[in-house]
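This report describes a protein chain from its overall make-up down to individual residues. The sequence and the structure are shown first.

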Amino acid sequence: MNAKFLLYTVKRFGMAVLTVFLVIAITFFVMHAIPASPFSSEKARSDATIAALEAKYGFDKPVPVQFVNYLKNILRGDFGLSTKWVGSTVSELIMGGLSYSVQLGLTGASIAITLGVLLGAIAALNRGKLLDKVIQVVTTALVSMPNFVIATLLLIIFGLKLKWFPTMATQEGGMFLPALSLSLYPMAYITRLERSAMLDVLGQDYIRTARAKGLRNNKVIFKHALKNALGPVITYAGPMMAYILTGSMVVENIFSVPGLGRLFVNSMLRTDYMMIMGVTIVLAVAIILMNFLADVLYKVMDPRINLS
């Protein structure tokens, strides 16, 4: 690792930390700008009871003091107490849903990258042929469909009609359909990226030179062309994870996945301010971290990239 690459990595990490801080600040002050108290919807509670609850959660202190205390608690991994799930901390509830969301996200990302790279390479190697045209039509259709439509269709066709897969994520094998629902859009996008990148790489001089030297076509494609065509896919990895994490909010509710997405929707419906802030921050940190890793990995995969 040279000094220039190390400096680039440190700068990108510093920007990631600053972005996380801004997300925390914006989320905190937006939630506290809402005029109603998180306890005011409970009409059966008296003003004295609401005041006592606000004191318990620290909502009675000035907002700047609350923000400083909140930052200190976050550094210790403490997101506070849930205002609706009585007796539970936000951290406990997030950790409970995180395992499902991680499994769902990694499975969806794996399907998207594997099939996307494979189909993109096949389309490029069959440019202008029937197979290429079929792949382009299918990927165009998938890109134009929202994930909740895809999830609903998969649920009806493969869950309710054909009964090939469970309709509940907590059942054995039940995570496949929601993961597939989240993977189809990024898979289609990756297919198009990989096709364009492969066509560009296959037209390069070093590919023609490798073939002129008598290298087998499979070796030229897998050792030289495919590796150098992965750059756009790596760049897209960060936005892809953002799509999967945010899209999971709908898909998790459709398939009853007890993950962060469903937890976030429920916390919105129940106006649980502490839970909303906690889940938002965790999801934002995950997205920012993925973008940081994608930036660094992109340089590792392609040393020709100019660092600035």
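## Overall make-up

Of the 308 residues in the protein chain, 42% count as buried. The model is a predicted one. The secondary structure of the chain comes to 12 helices and 0 strands, and along the sequence it reads α-α-α-α-α-α-α-α-α-α-α-α.

Among the contacts in the chain with a separation of 6 or more, 73% are accounted for by residues 24 or more positions apart.

## Helix 6

Helix 6 covers residues 147-161 and has 15 residues. At 1.5 Å a residue, these should span 21 Å, and the end C-alpha atoms are 20 Å apart, so the two values agree. Helix 6 also bends, by about 25° at Leu 155.

Leu 155 is one of the buried residues of helix 6, a set that also holds Asn 147, Ile 150, Ala 151, Leu 154 and Gly 159. The partners against which these buried residues pack are helix 5 (130-143), helix 7 (176-202) and helix 10 (231-254).

## The pairing of helix 5 and helix 7

Two of these partners also meet each other: the axes of helix 5 and helix 7 come within 8 Å and cross at roughly 135°. The crossing in which helix 5 passes helix 7 is left-handed.

On the side of helix 5, the contact is made by Asp 132, Ile 135, Gln 136, Thr 139, Thr 140, Leu 142 and Val 143. Helix 7 contributes Leu 184, Tyr 185, Met 187, Ala 188, Tyr 189, Thr 191, Arg 192 and Arg 195.

## Leu 184

Leu 184 is found in helix 7. Its relative accessible area is 14%; this residue is therefore buried, since the cut-off for buried is under 20%.

Leaving aside residues up to four places away in sequence, Leu 184 touches Leu 142, Ile 150 and Leu 154. Leu 184 and Met 145 are 39 residues apart in sequence, and their C-alpha atoms are 9.5 Å apart in space.

Most residues other than glycine have a negative phi. Lys 163, which is not glycine, has a positive phi, near 55°. Helix 6 is followed by this residue, and the place of Lys 163 is in the loop between helix 6 and helix 7. With a relative accessible area of 63%, Lys 163 is exposed.

Phi of Ser 256 is likewise positive in a residue other than glycine, with a value near 55°. Ser 256 lies in the loop between helix 10 and helix 11 (260-269). Is Ser 256 buried or exposed? Ser 256 is buried, because its relative accessible area is 17% and the cut-off is under 20%.

The surroundings of Ser 256 include residues from elsewhere in the sequence: not counting residues up to four places away, Ser 256 touches Met 168, Ala 169, Thr 170 and Arg 262. Between Ser 256 and Met 168 there are 88 residues of separation in sequence, whereas the C-alpha atoms of the two are 5.9 Å apart in space.

How values were computed
Residues are numbered from 1 along each chain as its sequence is written. This is a predicted model: local features need pLDDT of at least 70, side-chain atom pairs count only at pLDDT 80 or more; totals for chains, interfaces and linings use all residues. Side-chain values use heavy atoms; hydrogens and water are left out. Helices (H or I, at least four residues) and strands (E, at least two) are DSSP runs, numbered from the N terminus. The expected span of a helix is 1.5 Å times one less than its number of residues. The bend at a residue is the angle between axes fitted to the seven residues ending there and the seven starting there. Buried means under 20% relative accessible area, exposed over 50%, partly exposed in between (1.4 Å probe, protein chains only). Contact means heavy atoms within 4.5 Å. Axes are lines fitted to C-alpha atoms, for helices over the stretch in contact, and angles run from 0 to 180 degrees between N-to-C directions. A crossing is left-handed if the near helix is turned anticlockwise from the far one by less than a right angle, and right-handed if clockwise.
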